[in-house]
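Please walk me through this structure, piece by piece.

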Amino acid sequence: MEDVWFGALLAPEAADGDRVLRHAELADRLGLDLVGVQDHPYQAGFLDSWTLLATIAQRTERVRLVPDVANVPLRPPAVLARAAASLDILSGGRVELGLGAGALWDAIAAMGGPRLSPGESIEALAEAITVIRALWTPGDPVTFSGGHHRLAGARPGPFPPHPIGIWIGATGRRMLELTGRTGDGWLTSSFHSPPEAVTAQARILDVAAADAGRDPAAIRKVYNLGGSLSPLPGAGFLDGPAALWAEQLTELVFEAGMSGFVLAPGVEAERDLRVFAEEVAPAVRAAVARERGRPAPEPVRRPVTIPDLDEPGRPRTAGGDPAALTPDQARLGRRLVDVHDGYRAQLRQVRDAVEQVAAETTAPRQDGDRLALRQNHWTLGVFCATFRRLLTVHHDVEHGSTFPALTERDPALEPVVKKLEQEHEVIAELLDRLDRACAEMIADPARIDRVRAGVERLSQALASHFAYEEAELAEPVGRLEIGLQPEERSWTCPRPCGG
C-alpha cells in the first residue's frame, strides 16, 4: 500500500489566471503533494492545460503536476509523450500523466477531433498508452500500427528523469479493467462516483490487476473531491468540519484502497486548501500510520513569510488631486470607501456578538439554559463564517476586476496593487485562524477567548488595510473611472443570546 497523497484540483479559467496560479503556489507552500489541472481543450474559457502546468512548474518547487485528465482524442499521444517528458525534465521529475478516453463528443468534433463510440474510445486510449510508453523507452525507432494511432519509425525521446505514472480516468467496467491491466494509477471523482460506487469500482480494478499478474496495491487510486468544509456537520459526504472529512477519507483508504485525495476548492479556495492541507491531510496520515503500525509522518510545509500590514515601507504613489475630480468621478472614488464602510459596520456587529456570547458564557447558568448557550456558540460560528465569506468575495472581485483595470490604465499603481494583494493573503490567514477558533469554541465554550482575540486581530488588520487602500486608490478609481462591481452584501446580524 502506497503512502496517501493530497492535492488540489484547479479549474484553468482564463478570466482568472492569476488566481489559479496563486492557488497552485499556495498548494506548494502548504506541502500538498500534487496540483491537478482540468483539461478541456474545447472549452474557450479555459487556459490550455499544458501551458498552465508549465507556468505552475516555474512558480513552484516541490508539488507534483498532473493533467486531470488529458483529453486523448484532442492530444495526439506521440506529441503528448514528448510534452509530458519535456515538462518532467524542466520541473525536476514532478509530472504524472492523467489520461482520459474522452467525452462531450460534439465539442471534440467541433475542434476537429474524432467522434468515437464508447468502445472505440477505450481502444484508442489503450493504443495511446502503448505509443506513449514506447516513446519514453530508449531504443530503436518505433513502428506501431493500431486502429486509431500509428508510429512509422518515430525516434523515442526525450526521456523523463523519473518514471512518469500513467493515471487513467475511469468509472465504467471496461475502463476500470483497462486501468487494472495497464495503468499506474486510477483517477475518479466524487462528483460522479459517490463513496459506495468508488468501493465497488475499486474491486473491479483490483480483480483486473490480479488477473493480469499485477499487484493491485501498487496502482495509485486517486479520488477528486468536492465538499463543504464548515464548523457544523451536515448530512452528506464531506459535509462538515475537518475531523469529519478525515474520518470519511480514512475509511476510503481502508475500504477502497484509495491512496490519493485531490480537493477542488470552492468559493473560499484559500481557506479550503489550508484546512485540507493543515488539518485533514495530517489527520488521515496519522490514522493510516497508526493502523499500519508506523510513526505518523511529519507534515511538509515551506515557511510562509507574512508581511506586516503596518510596515513603513508600504509603497506610495504621488496621487492626483481629489479636488480635480468631476462629481461623477468623486462618487466613484467614494464608492470604494462606502464598500469598506459596509465591512467595517459588519465587523463591529461581529465584535458585539462575540462580547455578548462571551458574557453569557461566563455568567452562571441553569441546566435548562445549556442548550440555548450551545446554540449561541453555533450561531456565532456561522456569523463569523458569513463575514469571512463576504470579505473573501470582496477580495476576489478586487483581484479579478478592480486591480487589473487600475494597473492597465495606470501602470504606476502596480507596486501598491501588489502590496494590497500581499495583504489580502495576510487577512486570509487571519480569517482562517478565526474559523479554527470558532470550531474550537463550539467544542469547548471556554475557548471563546480565542475567538475574541482573533476578531480583535482581524479588526486591527482590516482597519489598517482599508485605510491604506482608500488613501492610495480612491482617487485613481474616480480619475480612471473604474466601475466597482456589485457584490453580494446579504447580511443579517443574529442576536445569539436572544436579546
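## Helix 2: one face in, one face out

The buried residues of helix 2 (residues 49-59) are Ser-49, Trp-50, Leu-52, Leu-53, Ile-56 and Ala-57. Buried means under 20% relative accessible area, exposed means over 50%, and partly exposed lies in between (1.4 Å probe, protein chains only). Helices (H or I, at least four residues) and strands (E, at least two) are DSSP runs, numbered from the N terminus. Looking down the axis of helix 2, its buried residues fall within an arc of 155°, so they line one face of the helix. That arc is taken from the directions from the helix axis to the C-beta atoms. An α-helix has 3.6 residues a turn, so residues three or four places apart point the same way. On the other side of helix 2, Thr-51 and Gln-58 are exposed.

What covers the buried residues? The cover includes helix 1 (17-29), strand 2 (34-37), strand 3 (64-67), helix 3 (77-91) and strand 5 (97-100). Contact here means heavy atoms within 4.5 Å. Asp-48 caps the N-terminal end of helix 2, with a side-chain oxygen 3.3 Å from the backbone nitrogen of Trp-50.

## How to read the model

This is a predicted model: local features need pLDDT of at least 70, side-chain atom pairs count only at pLDDT 80 or more, and totals for chains, interfaces and linings use all residues. Residues are numbered from 1 along each chain as its sequence is written, and side-chain values use heavy atoms, with hydrogens and water left out.

## The sheet and a hairpin

Nine strands form an open sheet in the order 3-2-1-13-10-9-8-5-4, with parallel pairing. Two strands pair if DSSP finds at least two bridges between them. Strand 3 and strand 4 (70-71) stand at the edges, each with a single partner strand, so one side of each has no neighbour in the sheet. Inside the order, strand 10 (residues 220-225) and strand 13 (residues 260-263) run parallel and are joined by four bridges. Tyr-223 has Phe-261 in strand 13 as its bridge partner.

Strand 6 (residues 142-145) and strand 7 (residues 150-154) pair in the antiparallel sense, over four bridges. A hairpin of four residues joins strand 6 to strand 7. Phe-144 stands opposite Leu-151 in strand 7.

## Nonpolar cores

A nonpolar core is a set of buried Ala, Val, Leu, Ile, Met, Phe, Trp, Tyr and Cys residues joined through side-chain atoms within 4.5 Å. The largest has 78 residues, and those with the most contacts inside it are Leu-97, Leu-99, Leu-125, Trp-136, Leu-249, Phe-261 and Phe-276. Its largest share, eight residues, comes from helix 9.

Which residues does Leu-249 touch? Not counting residues up to four places away in sequence, Leu-249 touches Leu-225, Phe-237, Leu-238, Phe-261, Phe-276, Val-280 and Val-284. A second, separate core has 29 residues, including Val-357, Leu-380, Phe-387 and Leu-458.

## Salt bridges across the chain

A salt bridge is a side-chain nitrogen of Lys or Arg within 4 Å of a carboxyl oxygen of Asp or Glu. The whole structure holds 37 salt bridges. One of them joins the side chains of Asp-33 and Arg-64 (3.9 Å, N to O). This pair links distant parts of the chain: Asp-33 lies in the loop between helix 1 and strand 2, and Arg-64 lies in strand 3, 31 residues apart. Asp-33 is buried at 9% relative accessible area, whereas Arg-64 is partly exposed at 24%.

Asp-184 and Arg-133 also meet through their side chains in a salt bridge (2.9 Å, N to O). Asp-184 is in the loop between helix 6 (173-182) and strand 9 (185-189), while Arg-133 is in helix 5 (residues 118-135), 51 residues apart. Asp-184 is partly exposed at 28% relative accessibility. Arg-133 is partly exposed at 27%.

Arg-274 is found in helix 9 (residues 269-292). Is Arg-274 buried or exposed? At 7% relative accessibility, Arg-274 counts as buried. Its side chain makes a polar contact with the side chain of Glu-429 (3.0 Å). A polar contact is a pair of N or O atoms within 3.5 Å; within protein, one must be able to donate a hydrogen and the other to accept it, and residues adjacent in sequence count only if both atoms are side-chain atoms.

Glu-429 also forms a salt bridge with Arg-436, the closest N and O atoms being 3.8 Å apart. Salt bridges that share partners join Arg-274, Glu-278, Glu-429, Asp-432, Arg-433 and Arg-436 into one network. Glu-429 is buried at 10% relative accessibility, and Arg-436 is partly exposed at 22%.
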